[in-house]
Amino acid sequence: MSKQDKSIIKAEEMVLNMGPQHPSTHGVLRLKIHTDGEVVSKIEPIMGYLHRCFEKHCENLSYEQVVPFTDRCDYLASMHMNHAYSMSVEKMLDIELPERVEYIRVIVAELQRIASHLVACGVFGLDVGAITPFTWALRDRERILDLFEMLCGARLLYNYIWPGGLSHDLPPNFIQYTNEFLDYFEPMLKEFDNVLTENMIFVERTADVGIITPEVGVNFGVTGPTLRGSGISHDLRKDEPYSVYDKFDFDVPVGKGIMGTVGDCWDRYWVRMREIEESVKILRQAIAQLPDGDVHAARPKKVRPGKGEVYSRYESARGDVGFYIISDGKNIPYRLKMRSPAFCNLSVFSEISEGWMMSDVITILGSLDIVLGEIDR
Amino acid sequence: MNIQDIANKLKTDFSESVEFLEDTLFIKVKPTDWLEISEKLKNHDDFKFDYLMCISSYDCGDKIKYGVAYNFKSTSIGHELEVRLEVSDDESIPSVVKLWGSADWHEREAFDMMGIKFDGHPNMKRILLSDDWDGHPLRKDYDTPEYYRGMPVPKDKTYWE
């Protein structure tokens with residue numbers, strides 16, 4: 001595939017509507033696609049179909065009651081949302097957490113990252129016509145969901161990480177089951193890699209398509225694996241280590257343009273695959289170092305931060321989650337704004353799709369890995 | 001650079017419109033000079049804020065003023081900055097879309113939710129709510145409507161609790 005030069009033939013502009021009910025838009029996203037023949041000239045994403053006033057709700061709920069609402073934002077990586085929100089509240093309260101809490105948080109967050117990236121990679125394959133890897137990805141993700149179900153009773157919306165601690169300690173045997181899962185998963189990941197990553201048809205559809213240059217990426221606030229696919233090593237776990245990430249040895253994979261140009265769709269997919277491997281590495285180290293202790297030791301009786309504001313950032317599966325909270329000294333937030341990574345990642349979509357064919361639009365959208373629950377909030 | 005240095009540096013050129021209080025973590029800027037200040041923040045060698053992380057709108061609580069908070073980061077130098085602008089209902093803020101692409105949707109969201117107008121934005125319309133929605137929901141004095149296009153807006157929870 002190559003980018004089409006619009007100046008050669010000029011036909012009449014046609015506006016094509018895609019979605020909101022369309023399997024390739026990954027949720028209820030509507031795209032108004034301006035095309036010239038089959039070449040895309042402009043895309044207007046129209047969202048808000050899932051808007052449920054998350055920020056307005058938060059102004060009427062106490063700090064603890066907000067946690068279940070953050071679950072519903074990014075429903076493929078709920079643990080990350082819980083963790084990001086709890087971290088911002090802890091930053092306001094200035095709480096020192098027990099080591100065990102931090103380690104458990106890292107373990108569940110990395111399991112969640114694997115689960116989320118498996119969906120991203122599997123669905124991306126599905127978007128370009130590879131059906132088998134998708135079923136494999138969901139099969140392995142199911143095992144992680146089983147682990148989470150054991151942990152807190154829920155499979156998708158956990159409400160597990162609370163400001164100042166966790167809802168429960170780890171259940172007995174959780175570590176053993178996690179180890180068993182990792183032993184099972186590593187060969188499975190290789191198999192997944194073998195069937196999809198260097199598959200000719202897959203590479204033809206994704207390499208050199210929808211290139212995000214580093215300058216455009218930073219300018220549009222693109223973060224997470226989507227930005228790292230463009231060759232920029234921007235990972236908060238490494239750059240500004242929060243929790244206990246500074247105690248683990250792991251790499252930040254960045255796109256190298258192995259199959260085409262740096263920053264193409266294939267690179268973004270490849271970065272996610274490599275990140276799963278890094279997560280496995282972190283998990284093995286975290287499990288080996290897991291200390292004992294009381295997970296409820298630091299839970300505050302009342303969450304009532306003083307006047308002021310905080311902006312805290314967290315590296316979720318989709319990128320840089322920010323919580324901007326203004327407190328007026330009450331037990332409910334005065335204003336809570338969530339910086340959604342997928343929202344910013346999607347805003348670059350029109351910019352990078354210009355000049356590509358209709359079929360590539362699906363590929364590019366799949367490679368951005370959006371979750372509409374988080375975009376619409 | 002820490003926030004004190006940044007504030008001092010900005011004050012040399014824009015002493016009128018830059019305000020910084022010792023115990024706060026943000027710089028307050030008047031909208032009149034915002035375009036020039038933002039350009040300096042992005043392009044000057046000492047600042048290089050190339051990454052606009054977030055624009056959050058907030059209600060100042062007095063039914064007159066509404067504010068916007070910009071959170072910047074520089075990927076090359078590594079420092080961060082929060083800038084705040086406060087305007088009343090009939091004023092508007094110059095848009096910074098030309099400098100940072102991420103401002104586009106964030107400014108639209110601030111308009112949608114808080115009713116803050118941005119001058120020079122290429123596509124100033126609602127982003128999350130539908131175009132015919134009345135009012136700006138995140139204002140503190142917003143009343144939830146009874147009906148939207150004939151559909152009742154559920155306020156009491158008798159039917160689903």
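## Where the two chains meet

In this predicted model, chain A and chain B touch through a contact that draws 23 residues from chain A and 22 residues from chain B. On the chain B side, three elements each supply at least two residues: the strands β3 (51-59) and β4 (65-73), and the helix α3 (103-114). The largest share comes from β3(B), with 6 residues.

What kinds of residues does chain B bring to the side that touches chain A? They divide into 13 nonpolar, 6 polar and 3 charged.

## Helix α6 of chain A and its partners

Now follow helix α6 of chain A, which spans residues 174-196. One partner is helix α5 (residues 132-152) of chain A: the two axes lie 10 Å apart, and the packing angle is about 170°. Angles over 145 degrees count as roughly antiparallel, and α5(A) and α6(A) are therefore roughly antiparallel to each other. From α5(A), the contact includes Trp136(A), Ala137(A), Arg143(A) and Leu147(A), while α6(A) contributes residues including Phe174(A), Tyr177(A), Phe181(A) and Phe192(A). By class, the residues of this contact are 14 nonpolar, 2 polar and 2 charged.

Another partner is helix α11 (residues 265-289) of chain A, whose axis comes within 11 Å of that of α6(A) and crosses at roughly 160°. This makes α6(A) roughly antiparallel to α11(A), and their crossing is left-handed. Among the residues that make the contact are Ile175(A), Leu182(A), Glu186(A) and Leu189(A) of α6(A), together with Met273(A), Val280(A), Leu283(A) and Arg284(A) of α11(A). Here the classes are 9 nonpolar, 2 polar and 4 charged residues.

Next come the strands. In chain A, 3 strands form an open sheet in the order β1-β2-β3, with antiparallel pairing. β1 (13-18) and β3 of chain A stand at the edges with a single partner strand each, so one side of each has no neighbour in the sheet. From one strand to the next, the twist averages 20°.

Strand β2 (residues 30-36) of chain A and strand β3 (residues 39-46) of chain A are joined by 7 bridges and run antiparallel. Along this pair, Ile33(A) stands opposite Ile43(A), and Thr35(A) stands opposite Val40(A). What do β2(A) and β3(A) form together? They make a hairpin with 2 residues between the strands, and Gly37(A) in the turn has a positive phi of about 70°.

## The sheet β6-β7-β8 of chain A

Chain A also has an open sheet of 3 strands in the order β6-β7-β8, again with antiparallel pairing. Which strands are at its edges? They are β6 (308-315) and β8 (335-339) of chain A, each pairing on one side only. Neighbouring strands are turned by 10° against each other on average, direction ignored.

Strand β7 (residues 320-327) of chain A is joined to β8(A) by 5 bridges, and the two run antiparallel. Within this pairing, Gly322(A) has Arg339(A) in β8(A) as its bridge partner.

Notes: Residues are numbered from 1 along each chain as its sequence is written. Chains are lettered from A and ligands numbered from 1 in the order in which they are written. This is a predicted model: local features need pLDDT of at least 70, side-chain atom pairs count only at pLDDT 80 or more; totals for chains, interfaces and linings use all residues. Two residues are in contact if their C-beta atoms, placed from the backbone, lie within 7 Å. Helices (H or I, at least four residues) and strands (E, at least two) are DSSP runs, numbered from the N terminus. Ala, Val, Leu, Ile, Met, Phe, Trp, Tyr, Cys and Pro count as nonpolar, Asp, Glu, Lys and Arg as charged, and the others, Gly among them, as polar. Axes are lines fitted to C-alpha atoms, for helices over the stretch in contact, and angles run from 0 to 180 degrees between N-to-C directions. Angles under 35 degrees count as roughly parallel, over 145 as roughly antiparallel, 65 to 115 as roughly perpendicular and the rest as oblique. Two strands pair if DSSP finds at least two bridges between them. A crossing is left-handed if the near helix is turned anticlockwise from the far one by less than a right angle, and right-handed if clockwise.
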